[in-house]
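Here are some notes to read alongside the model. Have the sequence open as you go through them.

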Amino acid sequence: MILDLSRLDRFIAVAESGSINKAASSTGISQAGLTKSIRHLEDQLQARLFDRSARGVVLTREGQAFLTHARLIINQREAAVSAVRAQSEGREVTLRVGIAPRWVLRTVMPEIVARMVDDERRPQLIVSSGQKSWQMIERMREGDLDILVATPSELDDLTGITVNSVVHDSQGVAVRREHPLAGRRNVSLKALSEFDWISGSAETYFRRYLTSLYMARGMQPPKPVVIADSNTMILDVIARTDLLGIATQQLINVGHGDRITMLKLASPVKRELAILSRSNDVLPQTGTDLIRALHVALKARVMATGSP
């Protein structure tokens with residue numbers, strides 16, 4: 001089966017806009033032309049990709065599955081064109097790097113970039129941040145990132161992704177150093193339940209971890225009194241109140257180590273810090289060098305700050 005890349009472009013445009021009319025405006029293709037293109041694609045795949053209604057279009061389950069692969073194909077096309085142009089112009093290719101942990105962005109990445117600036121073979125770096133690990137892993141699966149520093153979990157779909165484990169960071173319940181529970185050993189879930197919580201939204205890893213702590217013991221998970229999408233804000237609030245939250249040791253160390261501590265739970269948890277790349281991609285030498293430099297710098301940083 002040969003898929004027309006222009007039809008994939010049109011399919012993605014319709015999927016992202018949720019409307020044939022909006023997609024037609026953004027692509028400069030008539031509504032009739034877009035509709036015909038989508039139907040041809042559905043005939044090829046022998047599957048309905050959209051449910052249609054008066055309000056617009058919504059991806060079916062088959063359409064959602066196809067969207068991930070369609071984005072990957074288009075991103076790979078753009079990467080191939082970029083690589084050829086870079087070679088013809090005598091320059092290195094672009095590397096798209098994702099950094100999920102905020103502490104890596106603040107402490108490790110500036111050091112890496114500073115070293116690369118003086119390298120004659122330096123690539124053009126496009127650094128992305130500001131998203132959770134699971135969101136960036138999805139972007140990598142869709143071909144939007146070449147290299148990713150993240151904290152993957154058993155809940156993430158890592159199909160087609162190579163995981164280069166660096167270290168395992170401590171993860172647990174964070175409290176201000178003056179908290180009534182600070183300093184206690186083997187703090188029980190019953191003791192934790194006596195205090196209020198602050199956390200991210202339900203789909204975040206820290207929130208899912210909190211839920212699993214209680215569910216595994218047949219207990220009702222606590223309902224946070226404050227929900228925030230910023231780990232920095234969560235730690236800032238913990239440092240000023242008796243609210244409890246979930247964090248890793250490195251996250252605490254960057255900016256909050258003098259005000260926040262991690263409780264000693266009966267069953268401590270380690271969170272994997274890893275460098276991810278797509279399994280079928282062949283990175284340029286500078287990409288391989290970047291992964292190696294990240295691995296060394298990340299390990300050194302974690303060891304230096306005393307987080308196992």
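1. How many helices and strands does the chain have? There are 11 helices and 11 strands. Both are DSSP runs numbered from the N terminus, with helices being H or I runs of at least four residues and strands being E runs of at least two.

2. A word on ground rules. This is a predicted model, where local features need pLDDT of at least 70 and side-chain atom pairs count only at pLDDT 80 or more, while totals for chains, interfaces and linings use all residues. Residues are numbered from 1 along each chain as its sequence is written, and side-chain values use heavy atoms, with hydrogens and water left out.

3. For overall dimensions, the C-alpha trace spans about 65 × 55 × 30 Å along its principal axes. The chain has 308 residues, and 43% of them are buried. Here "buried" stands for under 20% relative accessible area, "exposed" for over 50%, and "partly exposed" for what lies in between (1.4 Å probe, protein chains only).

4. The accessible surface comes to about 16,000 Å², and carbon and sulfur atoms own 50% of it. That area is from the Shrake-Rupley method with a 1.4 Å probe. On contacts (heavy atoms within 4.5 Å), look at those with a separation of 6 or more: 73% of them are between residues 24 or more positions apart.

5. Now the charges. The chain carries 40 positive and 33 negative side chains, and the centres of the two sets lie 4 Å apart. Lys and Arg count as positive, Asp and Glu as negative, and His and the chain ends are not counted. Each charge is placed at NZ of Lys, CZ of Arg, CG of Asp or CD of Glu.

6. How many aromatic pairs does the structure hold? Two. Rings of Phe, Tyr and Trp (its six-membered ring) pair if their centres lie within 6.5 Å; planes under 30 degrees apart are stacked, over 60 edge-to-face, and the rest tilted. Phe11 and Phe50 make a tilted pair, 5.5 Å centre to centre with 55° between the planes. Phe11 is in helix H1 (residues 5-17) and Phe50 in strand S1 (residues 50-53), so this pair ties together parts 39 residues apart in sequence.

7. The other pair is Phe11 with Phe66: the ring centres are 5.1 Å apart and the planes are at 55°, so this one is tilted. It links distant parts of the chain, with Phe11 in helix H1 and Phe66 in helix H4 (residues 61-88), 55 residues apart.

8. Setting aside neighbours within four places in sequence, Phe66 is in contact with Leu3, Leu8, Phe11, Leu41, Leu45 and Leu49.

9. Elsewhere, Arg271 lies over the face of Tyr205, 3.5 Å from the ring centre. The test for a charge over a ring is NZ of Lys or CZ of Arg within 6 Å of the ring centre and within 35 degrees of the ring normal.

10. Last, some backbone angles to check. Gln46 is not a glycine, yet has a positive phi of about 55°; Gln46 sits in the loop between helix H3 (31-45) and S1. Asn186, also not a glycine, has a positive phi of about 50° and is found in the loop between strand S6 (161-176) and helix H7 (189-192). Gln46 is exposed at 74% relative accessible area, and Asn186 counts as exposed at 56%.
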